[in-house]
Amino acid sequence: MEIEILEILETAAIAVSGFLIKKYVFLEPDMEAGKQRILYLVSFILIGIVFFAFGKDAATMSALFMIGLNICLGRKKHRLRGLLLMIPFPGIINGLFVPVLLVPPYLFALPAQETWIYQFMIYGVLSVLLVLFYVKGRNWRSWFYENMQHRSLRKSEKYLLWMIGILMLLFANHTAMQITADDGNVRMADSIYGRGLAPFIGITSISAFVMTITIIVLIMQGNKRSFYHERVSSMQSGMITFMAEVVENRDDNTGGHIRRTAEYVECIAKELKKQGIYSDILTDRYLNDMVVAAPLHDIGKIHIPDAVLNKPGKLTEEEFEIMKTHTTAGEELLTHAKAELGESGYLNTAVEMAAYHHEWWNGKGYPYGISGEKIPLCARVMAVADVFDALTSKRCYKNAMPLEKAYAIIREESGTHFDPAVVEAFFAATADMEAK
C-alpha cells in the first residue's frame with residue numbers, strides 16, 4: 001500500500017513539476033485561462049486513469065505527453081517543434097528528484113519502513129511549498145504573466161537546458177539502477193557493493209542536484225534581467241522619440257513625420273535583411289539601432305530659425321542654404337551627446353542618419369557630396385523613407401501627393417537620388433508600410 005501511494009505521489013510530482021518548468025523555466029506560453037484550467041483537469045484525470053490501468057511508468061509517459069501537448073497548444077507557431085522540448089524534460093525532473101528521494105536513504109542505509117517515511121516527508125514538504133507558491137505567490141505570478149509571457153529563451157539557454165537535461169537523465173537512470181535491487185527495495189549501504197559505490201553516488205548526486213538547481217535559477221534570473229534591460233531600452237527609446245517630437249513640434253509642416261519615417265525605415269530594413277542584401281552590415285543589432293535612431297534624423301532643425309522652418313512658400317536660395325545646415329547641426333549635437341554619454345550603437349547610427357540622410361546616390365546631395373556605398377546604409381534607407389513621407393504628407397505649402405505618383409517619383413530617382421537596392425526593398429515592403 002505504501003509503495004502504491006508513493007508511486008502516485010511520484011507521478012503527481014513529475015506532472016506538476018513538468019508543468020511548472022514548462023512555464024517558468026522554458027517560458028512556454030499557456031493557453032487562454034479557461035482552456036488552460038480544463039487542460040490541467042483533463043491531464044490529471046487521464047494520468048490517474050493510466051496509472052491505475054497500466055502502472056507508474058505508463059502514467060509518467062502520459063504526464064510528459066500532456067505537457068508536450070500543452071506546449072504545442074500554447075504556441076501560435078512552430079507547434080510541432082515544441083515537442084522537441086520534451087527531450088530534456090525527463091532529465092531535468094530526474095535531476096531534481098532522484099538525488100533527493102533515492103540517494104539519502106541509500107547513503108544512510110535506511111530500511112524500507114524508514115525510507116517510506118522519509119519519502120512521505122519529502123512529498124509533504126513539496127506539497128506545502130506548492131500551496132505556499134499558489135497562495136503567497138500571486139503577485140509574482142501576475143508580474144510574470146504580464147511581463148514575461150512574450151519572452152522566449154535565447155539559443156544559448158536552450159542548449160544549456162538540453163545539455164543538463166540529457167546529462168541528468170543519464171545520471172538518474174544509472175544511479176537508480178545501481179541503488180535499487182531486483183525486488184525494488186533500496187540497497188543497503190553496508191553491503192560490499194554499497195560501500196564501494198556510496199562515495200561516488202553521494203558526490204555525483206549532490207553535484208547533479210546543485211547543477212540542476214543552479215542552471216534553473218541562472219536562467220530564471222537571466223530572463224528577469226533581460227526583461228528589465230528591455231524595459232530600460234524601451235524607456236530610453238521613448239525618451240529619444242519624445243526629444244525628437246519636441247524639436248518636430250517647432251515645425252508646423254511635419255506632424256507625425258518622425259514616427260512614420262521610423263516605421264518606414266523598419267519595414268525597408270527588414271525587407272533588405274529578408275532578401276539577404278547588405279547582410280554583412282545589416283545585423284539584428286544594426287537594424288534595431290536604425291529603428292531607435294530614426295526619430296533623431298532631423299534633430300538639427302532645432303537650430304533653424306522659425307522664419308525659415310515654417311515658411312509657407314518656397315525657400316529662397318539663401319534660406320535653403322540655412323535649411324541644409326540641419327544635417328551638420330544634428331551631426332554636431334549627436335556627436336556631443338556621444339562624448340557625454342559614451343559609445344552607443346544607436347547614437348553612432350543616429351549621427352550617420354542626421355548627417356547623411358540628404359546625400360544622393362550619385363553624389364549630388366548635401367552636406368558632403370559623397371556617393372554610392374560611401375553613404376552609410378542607415379542614411380540611404382532613411383533617405384527613401386524621408387522623401388516618401390514628404391511626398392505623401394500634407395504641408396502648409398502643398399497637398400499630399402497620391403501614392404501612385406509618389407511611387408513613380410521614388411522609382412524614377414532610383415540610381416540617382418536613391419540606392420537601387422533600397423528602392424527595390426521599399427517597393428517589396430509597400431504593403432507593410434501602407435498598413436502602418
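Mentor: Buried means under 20% relative accessible area, exposed means over 50%, and partly exposed lies in between (1.4 Å probe, protein chains only). Thr430 has 15% relative accessibility, so Thr430 counts as buried. This is a predicted model: local features need pLDDT of at least 70, side-chain atom pairs count only at pLDDT 80 or more, and totals for chains, interfaces and linings use all residues. Residues are numbered from 1 along each chain as its sequence is written, and side-chain values use heavy atoms, with hydrogens and water left out.

Trainee: Where is the place of Thr430?

Mentor: Helices (H or I, at least four residues) and strands (E, at least two) are DSSP runs, numbered from the N terminus. Thr430 belongs to helix 19 (residues 430–434).

Trainee: Is His257 buried or exposed?

Mentor: His257 is buried, because its relative accessibility is 3%. His257 sits in helix 10 (residues 257–275).

Trainee: Which side chain does a polar contact join to that of His257?

Mentor: A polar contact is a pair of N or O atoms within 3.5 Å; within protein, one must be able to donate a hydrogen and the other to accept it, and residues adjacent in sequence count only if both atoms are side-chain atoms. The side chain of His257 makes such a contact of 2.8 Å with that of Asp386. For Thr430, a polar side-chain atom lies 3.0 Å from the backbone oxygen of Phe427.

Trainee: Which residues of helix 6 meet helix 1?

Mentor: Contact means heavy atoms within 4.5 Å. In helix 6, Trp116, Gln119, Phe120, Tyr123, Leu130 and Phe133 meet residues of helix 1, including Leu6 and Leu9.
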